[in-house]
Amino acid sequence: EGLTGTLWIGAISTALIGLLPSALQHLTRLAPGIKPSILPGTSRQLYQALQSSELDAAIVVAPPFELPKLFRSQRLQQEPLVLLARPGSTESIFESLQNRAYISYDPNSWGGRHGRQFLIDNDLRPDALYDLDGLEAIAMLVADGQGVSLVPQWSGLEQLAPGLTMTPVGEGYEREIMLVWRVQAERPGM
């Protein structure tokens, strides 16, 4: 209550369709004077925008490094890594990755590193048909029968591509989604 003005929030694409709608509803109910302005982007882009004070907060994949002290964070959810395949697929994870075209969640992205690590840990070397940092596009490509993929099971995946087979790969490969914001510096008294 009493908070007014524009709140600049960055969000990764899966948060835009999964987490953000209910969070915005809750936020505007708690602080009706706030006008949220949403900027979509990759975790890396949004983190850079936070660093340069272009954003007040961002919903991102946990970075592969420790956040500097000028930032605070709150874990929002963990998303298990799953093998995404066509409906009714009965092949094991390993058979699918060896026998089907592989659509790679960009291994250089903050979220894609978990799939890359699973492949390394299991000595799997599928040739990537595509490297994409767009989980929605990956889900659509899998639904179209172009291959299989290792992706986090994000909120909204089931609605985007209903009926796809999602096989969890096991613990230790979860993508962590967090809210990050810049700590406000103390202002000296006047």
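Two aromatic rings, from Phe, Tyr or Trp, count as a pair if their centres lie within 6.5 Å. Planes under 30 degrees apart make a pair stacked, planes over 60 degrees make it edge-to-face, and the rest are tilted. The model examined here is predicted.

**Aromatic pairs**

The whole structure holds six aromatic pairs. In one of them, Tyr 47 and Phe 71 have ring centres 5.4 Å apart and planes at 50°, so this pair is tilted. Tyr 47 sits in helix α3 (residues 43–51) and Phe 71 in strand β4. The two are 24 residues apart, and their pair links distant parts of the chain. Both Tyr 47 and Phe 71 are buried.

Another pair is Phe 65 with Trp 110. Their ring centres are 5.6 Å apart and their planes stand at 85°, so the pair is edge-to-face. Phe 65 belongs to the loop between β3 (57–61) and β4, while Trp 110 belongs to the loop between β6 (102–105) and α5 (113–121). The pair therefore ties together parts that are 45 residues apart in sequence. Phe 65 has 36% relative accessibility, so it counts as partly exposed. Trp 110 has 7%, so it counts as buried. Ring pairs join Tyr 47, Phe 65, Phe 71 and Trp 110 into a cluster.

**Pockets and cavity**

| Space | Volume | Lining by class |
|---|---|---|
| Largest pocket | about 380 Å³ | 13 nonpolar, one polar, one charged |
| Second largest pocket | about 200 Å³ | five nonpolar, eight polar, four charged |
| Largest cavity | about 40 Å³ | five nonpolar, four polar, two charged |

The largest pocket is lined by 15 residues. Ile 9, Ala 23, Leu 27, Ile 59 and Leu 179 lie nearest its centre. β1 (5–11), α2 (20–30), β3 and β10 each give two or more residues to this lining. The largest share, six residues, comes from α2.

The second largest pocket has 17 lining residues. Nearest its centre lie Ile 12, Thr 42, Ser 43, Tyr 105 and Asp 133. The elements giving two or more residues to its lining are α1 and α3.

One cavity of 30 Å³ or more turns up in the whole structure. Its lining includes Ile 12, Thr 14, Ala 15, Trp 154, Arg 175 and Ile 177. At least two lining residues come from each of α1 (13–17), β4 (71–79) and β10 (175–182).

**Nonpolar cores**

In soluble globular proteins, nonpolar side chains tend to be buried together. The largest nonpolar core here has 21 residues. Within this core, Ile 59 and Val 180 touch the most other members. α3, β3 and β10 are the elements that give two or more residues to the core.

Which residues are in contact with Ile 59, leaving aside its neighbours within four places in sequence? The list is Gly 10, Ala 11, Ile 12, Ala 15, Leu 19, Leu 20, Leu 46, Leu 76, Ile 177, Met 178 and Leu 179. Ile 59 also lies among the residues nearest the centre of the largest pocket.

A second, separate core has 14 residues. Leu 135, Ile 138, Ala 161 and Leu 164 are included in it.

Terms used:
Residues are numbered from 1 along each chain as its sequence is written. This is a predicted model: local features need pLDDT of at least 70, side-chain atom pairs count only at pLDDT 80 or more; totals for chains, interfaces and linings use all residues. Side-chain values use heavy atoms; hydrogens and water are left out. On a 1 Å grid over the protein atoms alone, a cavity is a set of points where a 1.4 Å probe fits but cannot get out, and a pocket is an open set with protein on both sides within 12 Å along at least five of seven lines; lining residues have an atom within 4 Å of a point. Grid points are joined across faces, edges and corners, and a volume is the space filled by probe spheres set on the points. Helices (H or I, at least four residues) and strands (E, at least two) are DSSP runs, numbered from the N terminus. Ala, Val, Leu, Ile, Met, Phe, Trp, Tyr, Cys and Pro count as nonpolar, Asp, Glu, Lys and Arg as charged, and the others, Gly among them, as polar. Buried means under 20% relative accessible area, exposed over 50%, partly exposed in between (1.4 Å probe, protein chains only). A nonpolar core is a set of buried Ala, Val, Leu, Ile, Met, Phe, Trp, Tyr and Cys residues joined through side-chain atoms within 4.5 Å. Contact means heavy atoms within 4.5 Å.
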